[in-house]
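Me: I've just opened this one and I'm new to it. Can we go through what the labels rest on?

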Amino acid sequence: MQIGDVSVDPLFDGVLPLPPTVIYPDVPLSVWAGLPGALDADGLLPIPFGGFLAADTRGNRVVFDLGGGLAPQLVPGGEPPPVREQLPRALEKLGCPLEAVTDVVLSHLHIDHVGWASTVGRATFPGARHHIHAADWKHFVYGDADHAVRAKVAPLREVAELWDGDSVQLFDWLRLVHAPGHTPGAAIALIESRGQSLAVVGDLFHHPAALDHPEWRCGFDWDAQGARAGRTKWLGRLRATGTPLIGAHFPGLKPVTLG
């Protein structure tokens with residue numbers, strides 16, 4: 001996908017089949033059964049996980065979110081999904097070795113987004129700046145929110161660039177906007193170049209079906225009311241600007257244009 005001078009490609013890391021009620025506990029199974037192709041043969045919702053690579057014409061290579069990593073346990077007590085550990089290979093296929101990544105943007109610090117942050121206790125992308133909202137760093141690294149996340153992210157201390165406030169401009173084409181709710185420091189990345197735009201939404205939405213239902217509560221939201229308000233706000237903003245969106249859990253990691 002081309003957004004002005006910036007190319008954006010999906011980085012598939014794996015897929016985790018889950019009962020739909022794990023993600024959306026208040027949505028009846030009949031809703032999912034009525035969506036063609038949404039469920040697999042076992043009645044589970046296949047949840048892809050991974051990220052995206054954005055590259056400009058000046059040599060900047062930005063990875064958005066880092067999938068599940070090695071042998072990920074993405075739900076408490078769960079087994080590693082059978083399809084996993086694909087993100088480094090996806091980068092290689094795009095001609096981008098690990099050492100060529102200049103920046104990593106973490107939309108939030110949940111385990112299925114930080115899996116490749118470190119490998120065997122060392123930063124997987126040691127030459128890259130890692131952009132993380134300070135509220136999430138405080139919550140997950142200094143706090144006790146998730147010990148698995150802390151173990152993955154703590155090795156980034158030397159390469160982490162924490163940002164605070166409502167937004168930060170990383171490049172002339174890339175802006176990060178604070179969107180708390182799913183986590184305290186959740187963020188949306190806006191790519192804007194030559195009059196075109198794209199929103200990388202993290203876990204603002206887990207499935208395209210939810211774009212018509214911002215009231216659907218996600219079972220992993222830190223602040224359910226704040227997350228709902230954020231979904232409604234961002235839907236209005238993206239519709240008003242005609243900005244398509246991509247999410248790390250959307251089927252095929254494909255962009256969606258709002259109607």
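Predicted model: local features only at pLDDT ≥ 70, side-chain atom pairs only at ≥ 80, totals over all residues.

Me: Why is Leu-198 counted as buried?

Reply: Leu-198 has 0% relative accessibility, and buried means under 20%, so Leu-198 counts as buried. You'll find Leu-198 in strand 13, residues 196-200.

Me: Which residues is Leu-198 in contact with, leaving aside neighbours within four places in sequence?

Reply: Quite a list, including Met-1, Ile-3, Val-8, Ala-189 and Ile-191. Thr-243, Pro-244, Leu-245 and Ile-246 are in contact with Leu-198 too. Take Thr-243: 45 residues along the chain separate it from Leu-198, yet their C-alpha atoms are 5.5 Å apart.

Me: What makes Glu-85 partly exposed?

Reply: Its relative accessibility is 27%, which falls between the 20% and 50% limits, so Glu-85 is partly exposed. Glu-85 sits in the loop between strand 4 and helix 3, and has a positive phi of about 60° without being a glycine.

Me: Why are Tyr-24 and Trp-32 called stacked?

Reply: Their ring centres are 5.9 Å apart, within the 6.5 Å limit, and their planes meet at 25°, under the 30 degrees that stacking asks for, so the pair is stacked. Both Tyr-24 and Trp-32 are buried. Phe-171 and Trp-173 are another stacked pair, with 5.4 Å centre to centre and 10° between the planes. Phe-171 and Trp-173 are both buried, too.

Me: Which residues do ring pairs link into a cluster?

Reply: Tyr-24, Trp-32 and Trp-216.

Me: What makes up the largest nonpolar core?

Reply: That core has 59 residues, and the ones with the most contacts inside it are Leu-91, Val-153, Leu-156 and Leu-245. Elements giving it two or more residues include strand 2, helix 3 (87-93), strand 12 (187-193) and helix 6 (224-241). Strand 3 has the largest share, four residues. There's a second, separate core of 21 residues, with Val-8, Val-62, Trp-163 and Ile-246 among them.

Me: What does Val-153 touch, not counting residues up to four places away in sequence?

Reply: Val-153 touches Leu-109, Val-114, Ile-132, Trp-137 and Val-141.

Me: How much space lies in the largest pocket, and which residues are closest to its centre?

Reply: About 610 Å³. Of its 32 lining residues, Leu-74, His-110, Ile-111, Asp-112 and Asp-146 are the closest to the centre.

Me: How do the lining residues of the largest pocket divide by type?

Reply: They split into 19 nonpolar, eight polar and five charged. Helix 5 brings the largest share of the lining, three residues. Strand 2 (6-18), strand 3 (45-55), helix 4 (134-142) and helix 5 (147-153) each supply at least two.

Technical notes:
Residues numbered from 1 in each chain as written. Heavy atoms only, no water. Phe/Tyr/Trp six-rings, centres within 6.5 Å; stacked < 30°, edge-to-face > 60°. Buried < 20%, exposed > 50% of the residue type's maximum accessible area, 1.4 Å probe, protein only. 1 Å grid on protein atoms, 1.4 Å probe; cavity = no way out; pocket = protein on both sides within 12 Å on 5 of 7 lines; lining within 4 Å. Points joined across faces, edges and corners; volume = space filled by probe spheres on them. Nonpolar A, V, L, I, M, F, W, Y, C, P; charged D, E, K, R; others polar. Core = buried A, V, L, I, M, F, W, Y, C linked by side-chain atoms within 4.5 Å. Contact = heavy atoms within 4.5 Å.
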